[in-house]
Amino acid sequence: SEESRSSSHLPSDRQEGIGVCGWILVSLSFLMVLITFPISIWACIKVVREYERAVVFRLGRILSKKAKGPGMILVLPCTDIFIKVDLRTVTCKIPPQELLTRDAVTAQVDGVVHYKIHSAVSAVANVTDVHSATLLLAQTTLRNVLGTQSLAQLLAGREEIAHNIQAALSSATEQWGVKVTRVEIKDIRIPMAMQRAMAAEAEAAREIGAKVVAAEGEMNASKALQQASMVLAESPAGLQLRYLQILTTVAAQNNSTIVFPLPINMFGSLGQKSTGG
């Protein structure tokens, strides 16, 4: 179980008992509760909510090596103190971190870490402030992981980088009783000069692609015209029909163009006369 795993992270001296003197003090405290009953019962009974666990210290040692709750717990006066631990998921915002990528580009990155405490005993006994420690570790891990990536990898592989950060955080916070459930990279800010350079590079790439597409279109059109000219050369009647189709298209438009249809054979006879002359 989680509590049994957490007890393995505790120092070995905490596995010892409270000793003879400790038992005498506990007995006196219990006797005092009995003498002042039922007034003392209101000071001894504590309520732990469903999403909380209570770590009880008896004479400075963790009682039963596991957390108590939820429900009512009994705390002896003078000898027992307890600390409540919230087990709900905590959303922690990582402030913007300025870092240098692998290709020497300065960037500012911020993110969000979602974590929760799965072992209240470890969270209390192994770290002073578990929330502050998790936040600081998240900032350091974010800079370390992103510093090994190039700017292109940083922009294109957010999900993979977030999983790497989550794995590193989970491994480091296991002894604190913390489980990192999700890491998200919110925003990546780069210098304005770099943004303009990237925009110019993308625009140049688009222009090159557009010119390549236009050149391919011209080449395909020229090949189609060549094939059409070969077909029309083999069929003079087809050329006549094409000529009439062009006249119909021109006449259908609202313009002031005057078209005088002339037989195509006339151009052929004129060409023969000029050649013969």
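This is a short tour of the structure above, one selection at a time.

The model is predicted, so local features need pLDDT of at least 70 and side-chain atom pairs count only at pLDDT 80 or more, while totals for chains, interfaces and linings use all residues. Residues are numbered from 1 along each chain as its sequence is written, and side-chain values use heavy atoms, with hydrogens and water left out.

**Whole chain**

Start by showing the protein chain as a cartoon: there are 10 helices and 8 strands. Helices (H or I, at least four residues) and strands (E, at least two) are DSSP runs, numbered from the N terminus. Of the 277 residues, 27% are buried, meaning under 20% relative accessible area with a 1.4 Å probe, protein chains only.

Now select β6 (90-100), β7 (106-117) and β8 (178-189). These 3 strands form an open antiparallel sheet in the order β6-β7-β8. At the edges are β6 and β8, each pairing on one side only; two strands pair if DSSP finds at least two bridges between them. On average, neighbouring strands are turned by 25° against each other, direction ignored. Zoom in on β6 and β7, which are joined by 9 bridges. One place to look is C92, whose bridge partner in β7 is V113.

Axes are lines fitted to C-alpha atoms, for helices over the stretch in contact, and angles run from 0 to 180 degrees between N-to-C directions.

**The cores**

Which residues touch the most other members of the largest nonpolar core? Select V55, V113 and L146 to see them, among 37 residues in this core. Such a core is a set of buried Ala, Val, Leu, Ile, Met, Phe, Trp, Tyr and Cys residues joined through side-chain atoms within 4.5 Å. Its largest share, 6 residues, comes from α5.

Centre on V55: not counting residues up to four places away in sequence, V55 touches I62, A67, I81, F82, I83, V85, A120, V121 and V124. Contact here means heavy atoms within 4.5 Å. A second, separate core has 5 residues, including A54, V56, I73 and V75.

**A last stop**

Finally, show R88 and Y51: the charged end of R88 sits over the ring of Y51, 3.9 Å from its centre. The rule asks for NZ of Lys or CZ of Arg within 6 Å of the ring centre and within 35 degrees of the ring normal.

Technical notes: Buried means under 20% relative accessible area, exposed over 50%, partly exposed in between (1.4 Å probe, protein chains only).
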